[in-house]
Amino acid sequence: MGKRKSIIVIGAGAAGLMAACAAADEGADVTVIEKNEKAGKKIYITGKGRCNFTNACDTADYFRNVISNPKFLYSAVYDFDQQAMIRFLEDNGCPTKVERGNRAFPLSDHASDVTRALTDHLRKHGGKILFHQTVTRILTEPVPDGDPHDDTQDRPESAGIPGEEKRRAVGVELPNGRKLRADAVILATGGRSYPSTGSTGDGYRFAGELGMEVREQSPSLVPFTVRESWPMTLQGLSLKNVAVKVLPAEDTDTGEKGKRRGGRRLRPVYEGFGEMLFTHFGVSGPLILSASCHTDFREHPEGYVLHLDLKPALSMDQLAARIQREFELAPQKEFVNAIRPLFPARLSDVMAQLSGLAAAADGTPRKAVSVTVKEIQAFAALVKNVPVTLTGTRGFNEAIITRGGICVKEINPSSMESRRVQGLYIAGEVIDVDAYTGGFNLQIAWSTGHLAGVSAAS
């Protein structure tokens, strides 16, 4: 038997652990280097500690939920898909379940069981994890012409960048100058979201130092801050079955609603239906997190406007008729009380305030019977389109994922190997791929990690 191939994996997150497991399964001698005191630190906080580890939808639906560069993931996902991940956990002592929206969780509702399944599998196959260790750089060396270890003649996709010196990853360097040698290196350092878990963007620096193109990063799947004060008064209120549209704020220099400079008409950057949450700073919840994947406050520093439809199942005429009926049933009720059947209690107070119909000119409360047909129609229009000004996001500290990262053109999608550095494989959030919430992003980590591990070891 020949010598076992040695592989170093940088990062013991989702992608790194899966890459290490896959490489160990292929017989490689695997060492994972992790800066934290334990593995899978970010896994522990996903799904509010329950770990929505994948989405069990069919493959076509899966790719529809990938926002950035879905075609890049075809090989990785078809090589190791959602059902493969479910089988992996089941086979390693972590029973699973599938809930609403095809979201898959460990049966125990404990994210730690997912991490334990990965680390136990790795150790059973001879892999090891070095904790409290930080990689300072990836070591490379030129690939001399005629080198017997240069297999790029057989693999043209790994032959490097035309006109550039071919280089090969040979290990990593630690802060004390200690060098660890390896036959291949897998870069799985994560992005910049939740930096307290160790995701501080090291991988982008490593890639940049090796000459790779790195796309600018921004927080994604992240809550919004808002300009208005009334959403904060609803802190903790969750709304289900609402619809939203998000548009860039109108250009105040033009004064033309719905247009920007140059007269180009604005189109929604996002439209969706689902659940949202009011917070002490603005808005959050699944619908809002998905909307954040389509906003860029660098491109639109004036912000965005969230148009909230509180009754999407009703047309404007149907809603106006419904309001009219409520008023006819209780003509002597004050306006704010007459609309309570339409909304949660606190939201009724806010909608009465926003409508300007709750009180007469002298400040006395208005009765339902005093509200005109025209005013009812105006109120229905407000219910169907409540504007909220989005001023920014809560940043990387509260972002679930990072948008941007190492350009996919730098990576061979059939192996996850760098096109620029032979023997360097890249996996997970550090790549410029991202998806909606619901388990899709963790599956990106599992799939790219698995393919990187198998490719590095074979």
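Tutor: Buried means under 20% relative accessible area. Keep that cut-off in hand; the model we discuss is predicted.

Student: How many of the residues of strand β1 are buried?
Tutor: Strand β1 covers residues 6-10. On one side S6, I8 and I10 are buried, and on the other I7 and V9 are buried. Both faces are therefore covered, and β1 is largely enclosed by the rest of the structure. The count is five of the five.

Student: Which strand do five bridges join to β1?
Tutor: The two strands run parallel. Opposite S6 stands D29.

Student: In the open sheet of three strands, which are the edge strands?
Tutor: The order is β3-β6-β5, with antiparallel pairing. An edge strand here pairs on one side only. That picks out β3 (54-55) and β5 (96-99).

Student: Over how many bridges do β5 and β6 pair?
Tutor: Strand β6 spans residues 103-106. E99 stands opposite R103 in β6. The sense of the β5 and β6 pairing is antiparallel, and the number of bridges is four.

Student: How many nonpolar residues does the contact of α9 with α12 have?
Tutor: From α9 come M316, L319, A320, I323, Q324 and F327. They meet V373, I376, F379, A380, A381 and V383 in α12. By class, one residue is polar and none is charged. The nonpolar count is eleven.

Student: Is T115 buried or exposed?
Tutor: T115 sits in helix α5, residues 111-124. Leaving out residues up to four places away in sequence, T115 touches L17, A39, G40, I43 and Y44. Its relative accessible area is 3%, and the cut-off is under 20%, so T115 is buried.

Student: Where does K48 lie, and is it buried or exposed?
Tutor: K48 lies in the loop between β2 and β3. K48 has a positive phi of about 55° although it is not a glycine. Its relative accessible area is 85%, and the cut-off is over 50%, so K48 is exposed.

Student: What is the relative accessible area of Y194?
Tutor: Y194 is placed in the loop between β11 (184-187) and α6 (202-209). Y194 too is a residue other than glycine with a positive phi, near 50°. Y194 is partly exposed, with a relative accessible area of 23%.

Student: What percentage of the 458 residues in the protein chain do buried residues make up?
Tutor: The chain comes to 13 helices and 24 strands. Its C-alpha atoms fill a box of roughly 90 × 55 × 40 Å along the principal axes. The buried share is 54%.

Student: Among contacts between residues at least 6 apart in sequence, what percentage join residues at least 24 apart?
Tutor: The α9 and α12 contact involves residues such as M316 and V383. For the protein chain, the value is 76%.

Technical notes:
Residues are numbered from 1 along each chain as its sequence is written. This is a predicted model: local features need pLDDT of at least 70, side-chain atom pairs count only at pLDDT 80 or more; totals for chains, interfaces and linings use all residues. Side-chain values use heavy atoms; hydrogens and water are left out. Contact means heavy atoms within 4.5 Å. Ala, Val, Leu, Ile, Met, Phe, Trp, Tyr, Cys and Pro count as nonpolar, Asp, Glu, Lys and Arg as charged, and the others, Gly among them, as polar. Two strands pair if DSSP finds at least two bridges between them. Buried means under 20% relative accessible area, exposed over 50%, partly exposed in between (1.4 Å probe, protein chains only).
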